[in-house]
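Please keep the sequence and the model in view while reading.

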Amino acid sequence: MEKMICTSKTSAEILLQAVNGEGLGREEIIRLLTLTDPLDIDELFKAADQVRQDYVGDEIFLRGIIEFSSYCRNNCLYCGLRRDNLEIERYRIPDDEILELARAIEARGCTTVVLQSGEDPFYTRKRLYGIISRITDETSLAVTLSLGERTYEDLHAFKAAGADRYLLRHETASRSLFASLCPGRSLDTRIECLHHLRELGYEVGSGCMVGLPGQTVEDLADDVMLIRKLNIDMVGIGPFIPHDQTPLKAHPAGDVDMVLKMVALVRLVTRDANIPSTTALGVLDKETRKRAFHAGANVFMPVFTPHSYAKDYEIYPGKGLVSSDARKTLDSYLEFFRSMGRPIGKGKGFRPGFRARTSLCNYER
Ligand code: 5AD
Ligand code: SF4
């Protein structure tokens, strides 16, 4: 019998290709995501770390989060804040207190505030315009919004108020999985919203979960491909964590090692995107959250929501607890970054290759 000649590349060759910026095809992404030998996986992380250093340098950027409302009109099957969860207390942080928290974030050396909430219609265009304007008038912080899907007109107004960035995860690049997990929503409208953000001059953040029910490694490769195609500026990737008060309570949590591989792949394909090591990663495994900084991550997002509120912001179990020792966590990460020789970024930490439109006309208050 004739011997089959295997022309497929070794993982080392694929990695070299990636580091050299020659791009990765879907099959190659799958190859790297399915590496099992710890030595090979280590090479993947090293390659991502190299690209991180070459393209965004050693600085770590801090983005302080305020989770200002836990109300949500959506019913995502995976999320503890889904509207059908009647077992949690809902809260809204008064506007003045949001401002105070923003000042505390600035005082603590963060250069960005992230305003995050469920999809809460109480926060009208006008109300949010007011909150964002006050923050941009009264502090020097860059403003990132994470408010779910909003209309083009809303997003336009928020940009005019001075918002710089917007986080809206695509959650999964599988159309069918998205449709089954987010009732009444579609991947296409999510992507359209991301296009609107781009058009309006925002830095655009997206990302996905790892370990969703029925999600395959091919789906994860498609997540990486979608992130590259949309030229996403900030990419949050976290493990799915089952929440007891949701329909997915019996589904196992995502694999943290796969999350790390995804972080590395996203670094390899985006080059200079800003990539946080996510809170969810830390909830499942504190060490893995740190390891992400050796695998391509360059952003840390400390929670500044006071514990009295944040205990009820349980998107997934353990999330609310994060705020109870948030100060200690931040201190320990600052120490960790020092020990790694990674300085804290002094600037606002925009994506190096990002060119935003600087002004927006025609917005009437
Ligand atoms: N486990 C992990 N992450 C979750 N998110 C929502 N629910 C969960 C969960 N159970 C993530 C989603 C959402 C972000 C705010 O939190 O990706 O976009
Ligand atoms: Fe609401 Fe976001 Fe949770 Fe979905 S993931 S239910 S939109 S808070």
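E171 is found in the loop that joins strand 4 (165–167) to helix 7 (175–181). Helices (H or I, at least four residues) and strands (E, at least two) are DSSP runs, numbered from the N terminus. The model is predicted, with local features needing pLDDT of at least 70 and side-chain atom pairs counting only at pLDDT 80 or more, while totals for chains, interfaces and linings use all residues. Residues are numbered from 1 along each chain as its sequence is written, chains are lettered from A and ligands numbered from 1 in the order in which they are written, and side-chain values use heavy atoms, with hydrogens and water left out.

**Two residues with positive phi**

Most residues other than glycine have a negative phi. E171, although not a glycine, has a positive phi of about 70°. E171 counts as buried because its relative accessibility is 12%; buried means under 20% relative accessible area, exposed over 50%, and partly exposed in between (1.4 Å probe, protein chains only). N231 is likewise not a glycine and has a positive phi of about 55°. N231 belongs to the loop between helix 9 (217–229) and strand 6 (234–239). With 42% relative accessibility, N231 counts as partly exposed.

**The surroundings of ligand 1**

Which residues surround ligand 1? They are Y78, C79, R169, E171, M209, P239, F240, I241, I315 and Y316, where a residue is near a molecule if one of its heavy atoms lies within 4 Å of it. By class, this shell holds eight nonpolar, no polar and two charged residues. Here Ala, Val, Leu, Ile, Met, Phe, Trp, Tyr, Cys and Pro count as nonpolar, Asp, Glu, Lys and Arg as charged, and the others, Gly among them, as polar.

| Protein atom | Ligand 1 atom | Distance |
|---|---|---|
| R169, polar side-chain atom | oxygen | 2.9 Å |
| E171, polar side-chain atom | oxygen | 2.5 Å |
| I241, backbone N or O atom | nitrogen | 2.7 Å |

Taken alone, ligand 1 exposes 400 Å², of which the protein buries 86%; accessible areas come from the Shrake-Rupley method with a 1.4 Å probe, and for residues only the protein chains shown count as cover.

C72, N74, C76, Y78, C79, R82 and G118 are the residues around ligand 2. This shell divides into four nonpolar, two polar and one charged. The side chain of N74 makes a polar contact of 3.2 Å with the side chain of R185. R185 lies in the loop between helix 7 and helix 8 (187–199). At 17% relative accessibility, R185 counts as buried.

**Separation in sequence and in space**

Y309 is part of helix 13 (residues 307–310) and counts as buried at 16% relative accessibility. How far apart in space are Y309 and Y91, which are 218 residues apart in sequence? Their C-alpha atoms are 6.8 Å apart. A18, in helix 1 (residues 11–19), counts as buried at 2% relative accessibility. A18 and V113 are 95 residues apart in sequence and 33 Å apart in space, C-alpha to C-alpha.

Conventions: A polar contact is a pair of N or O atoms within 3.5 Å; within protein, one must be able to donate a hydrogen and the other to accept it, and residues adjacent in sequence count only if both atoms are side-chain atoms.
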